[in-house]
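Here are my notes on this model. Please read them with the structure open.

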Amino acid sequence: MVSLGDLANIIGAECIGDTECIIDSIADLQEATQGQISFLTSTKYIPHLEHTSASAVITTASLAKEKPGNFLVMKDPYLGYAKAAQYLANIPKPAHGIHPSASIAEDATIGENVAVGAHTVIESGAVIGAGTCIGPQVFIGQNSRIGEDSLIYPQVAIYHDVSIGARAIIHSHAVIGSDGFGYANESGSWVKIPQLAGVTIGDDFEMGANSAIDRGALTDTTIGNGVILDNLIHIAHNVSLGDNLAMAAMSGIAGGTKIGKGSTLAGRVSIIGHLDICDNTHFTVNTLVTKSIDEPGVYSSGDVAIPGKAWKRKLVRINQLDTLYQRVKELEKTITQLTADRENNND
Amino acid sequence: MVSLGDLANIIGAECIGDTECIIDSIADLQEATQGQISFLTSTKYIPHLEHTSASAVITTASLAKEKPGNFLVMKDPYLGYAKAAQYLANIPKPAHGIHPSASIAEDATIGENVAVGAHTVIESGAVIGAGTCIGPQVFIGQNSRIGEDSLIYPQVAIYHDVSIGARAIIHSHAVIGSDGFGYANESGSWVKIPQLAGVTIGDDFEMGANSAIDRGALTDTTIGNGVILDNLIHIAHNVSLGDNLAMAAMSGIAGGTKIGKGSTLAGRVSIIGHLDICDNTHFTVNTLVTKSIDEPGVYSSGDVAIPGKAWKRKLVRINQLDTLYQRVKELEKTITQLTADRENNND
Amino acid sequence: MVSLGDLANIIGAECIGDTECIIDSIADLQEATQGQISFLTSTKYIPHLEHTSASAVITTASLAKEKPGNFLVMKDPYLGYAKAAQYLANIPKPAHGIHPSASIAEDATIGENVAVGAHTVIESGAVIGAGTCIGPQVFIGQNSRIGEDSLIYPQVAIYHDVSIGARAIIHSHAVIGSDGFGYANESGSWVKIPQLAGVTIGDDFEMGANSAIDRGALTDTTIGNGVILDNLIHIAHNVSLGDNLAMAAMSGIAGGTKIGKGSTLAGRVSIIGHLDICDNTHFTVNTLVTKSIDEPGVYSSGDVAIPGKAWKRKLVRINQLDTLYQRVKELEKTITQLTADRENNND
């Protein structure tokens, strides 16, 4: 619970209306009831503003003029929503204290106020920073380190020699440090290349459910500060991701590729191995990247849905393209001839 | 073990032949031995029918005329196969009784005849319906509910405030209730938007291995009755899936998209966020959907494999298309001119 | 630690230089320090060779002439690297001995020198081969078998009736034996087809993080010897993979498809169900395969990234193709007419 005036300070907004109004939680404009704050980012939802029961609304100066009431006014109300929700959130943690069923190596270092859930395993030499919550059924391998104030959800697997900075949030079934996919071939059989290095991850990292980051072959896979990864993502060995990079679900990056800071990958983007992608590069959904990029900007590939019948015809047309080029070339020849003939005739 | 006559009643078929014949299991026509029932759905497999050792065959009235023998005759023998296999199956359950190593909160509600496997964690306020089997190493978060007669395989993670109906089947490494991928951006850094709502799922739900369903931001992610999800699927926050929707492996749906009932997604379909897709819409494999759809039917996108050399030429051809359009336009101009000239000459 | 001469014998190379030189580990040319061996496979990295501090380098006979020093010379130095790294690697195992918290059924068969980690569950009738290491929090279902000298990382789920050969390496969150996605449809509702068979896997299998292999419906899903699977892979029920097949991350194969030995799938390849793909077939990244293949070779589909604006124009151009074909056809007609007229005039 917080007064509207205090919440304004917390999120960096100007308070219009009753600064003493008490806010206890946050909700959509349509769902909000008394005691709740909501937010409005676009003129499109002004009708919802008119009918809302929210006690206050985070919005822009101009949208706040649409209706009398309590407002927290700021340039980016979506950012205000994020900050207000962080302040008001009351999300249950998956562990409290050290559960007696956890298996913690004697020489692991467990910081102050660390929680470790039931059936979790923390191996020799691991270091868990102060204030971190490790949920139940988590595995943390030898000599791996997790920074302070992190939150590791149940059933995460972190292999040996993985280093993660402060304030990480890692969701269930994430894997960090599995072997990179490296093999030599001997007479048709695959000979495994041991993956001897680890993974180094900066501060303020978030990783979604069922995503995987492979360890490096001879040097570490590295992830900068402030990187956010969604669900079902694949990061191969020796990838390097720059600060504040964001990857939406189901994207994958092959071995050794480097992507610069501030870049974004929409869902299901694929980037092949050994590329160098510059800072501030943005890939739209389903894009396949096969070449290095040194110009910031938006890149895309692929095709979008149309009715099935039209799609089948289109596939045929595309596969006839070579023939079409021949036909056009033939036409050009004939016409050049016709034109030449006509000019000769006119002479 | 069941008599053929009784099995006919169970699956809704007409029995031709020996109603007293004893059936103990089900197999392919080619593999079946005495005491087994098989099924035949298409004329394509009549040769297998001729050589089968199965004691009886589920098939259509017309196919049953191909050979003398014991038949269970019905319009849809594939449905009959499903029902007979359900009746005859003897699949081991991953837990029996409450294992002493399970960590169950004192105030969790565990129904009659519930099994809970080793090293499973069930948190405060959770409710497990009667007859449900929770395998080993499962996590069920605070206040989550699982309906009766459900089957949760080992190593499933269900976060807090998730509600699942009756008769669910959830496979290993499924995650339900992980955070949606929501962030605001402040001067280039990502500011997390806490995901405060939950997930609500109807009855008769099945979810495959390594699939993930994110919790809602302010209102729940919702899944209707009878929905089936295959492996490695991603359902983002605030998605809504209608009744009896089916999604094959590796499909993904971005945040806030709503898909109507009876729809089907083949493998690796991608649907971007905030779309509204009507009932009975069907997407073929690998399709990318970028617009709302209000006409039921089949939709497709993408391209299919050809030999690598031809594919490289095709990519070149497609990227020259703009030039080809210019060339055709140029030809049209020249020809218009030639035709006009000719007509002038003929005057 | 090994002498260079002995290491030459181990990897099958010829030693040039000091056979007594002691090697303790392996590193990149750029990172290597004294006591380390490195490798050079291409003229591209000769500059690194010139500046390396490595005590010896695995390379080809011709590259070894670039600089004086210690070399292990062989035709395929990348293979030499793999073998040297295997010999020198000192990777921590995720379990030692049988942890007291593991739940092992009384009638499971545990071979000599097997390790079983904390909170692991091994069910009735399971058989674990000698020398195998099962990490913590693993589940192994009834009657499943794992061959000797295998390594199962934490949080792997292996269902009942799964058989895996010797020397398997299975990474965290792999699932083997989950149900195939099989349903009949009854008046719009899905009726589950129980998946009654298992999974049979050969020797020398490796499986990446978060990958899943479904059990067969009536006969087993089968995987040959020497198959390697990367992360986030989906293998549906009744798929059959030939010996030494390799699949890179995020590839998926639908039900009943058979792929011959020695084939390779780059990342994110999709193969639909019920196809028959011959031996030694190779698919490039993101390819979608919709037809059986009986010619070995390389196959491809799809499109690659270009700047976003150009991509939008290209999509428009492709969707206008039908019209372009009409325009070209029209031009051909007109020109045929013009040419005919001209010839008539010339007569």
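The points below go from confidence to chain arrangement to strands.

1. Ground rules. This is a predicted model, where local features need pLDDT of at least 70, side-chain atom pairs count only at pLDDT 80 or more, and totals for chains, interfaces and linings use all residues. Residues are numbered from 1 along each chain as its sequence is written, chains are lettered from A and ligands numbered from 1 in the order in which they are written, and side-chain values use heavy atoms, with hydrogens and water left out.

2. Confidence. The model's ipTM is 0.96 and its pTM is 0.97. Where pLDDT is low, the predicted coordinates should not be read in detail.

3. Strand S5 of chain A. This strand spans residues 36-39. Helices (H or I, at least four residues) and strands (E, at least two) are DSSP runs, numbered from the N terminus. Both faces of S5(A) are covered. Gln36(A) and Ser38(A) are buried on one side, Ile37(A) and Phe39(A) on the other. Buried means under 20% relative accessible area, exposed over 50%, partly exposed in between (1.4 Å probe, protein chains only).

4. Neighbours of S5(A). Two strands pair if DSSP finds at least two bridges between them. S4(A), residues 25-26, pairs with S5(A) in the parallel sense over two bridges. Ile26(A) has Ile37(A) as its bridge partner. S6(A), residues 56-59, runs parallel to S5(A) and is joined to it by three bridges. Here Phe39(A) stands opposite Ile58(A). From S5(A) the chain crosses through helix H2(A), residues 46-51, to S6(A) in a right-handed β-α-β crossover. Right-handed means that, with the strands pointing away from the viewer, the path from the first strand over the helix to the second runs clockwise.

5. The ten-strand sheet of chain A. The order in this open sheet is S8-S11-S14-S17-S20-S25-S28-S31-S34-S37, with parallel pairing. S8(A) (103-104) and S37(A) (288-289) stand at the edges with a single partner strand each, so one side of each is left without a neighbour in the sheet. Within the sheet, two bridges join S14(A) to S17(A). Ile140(A) has Ile158(A) as its bridge partner.
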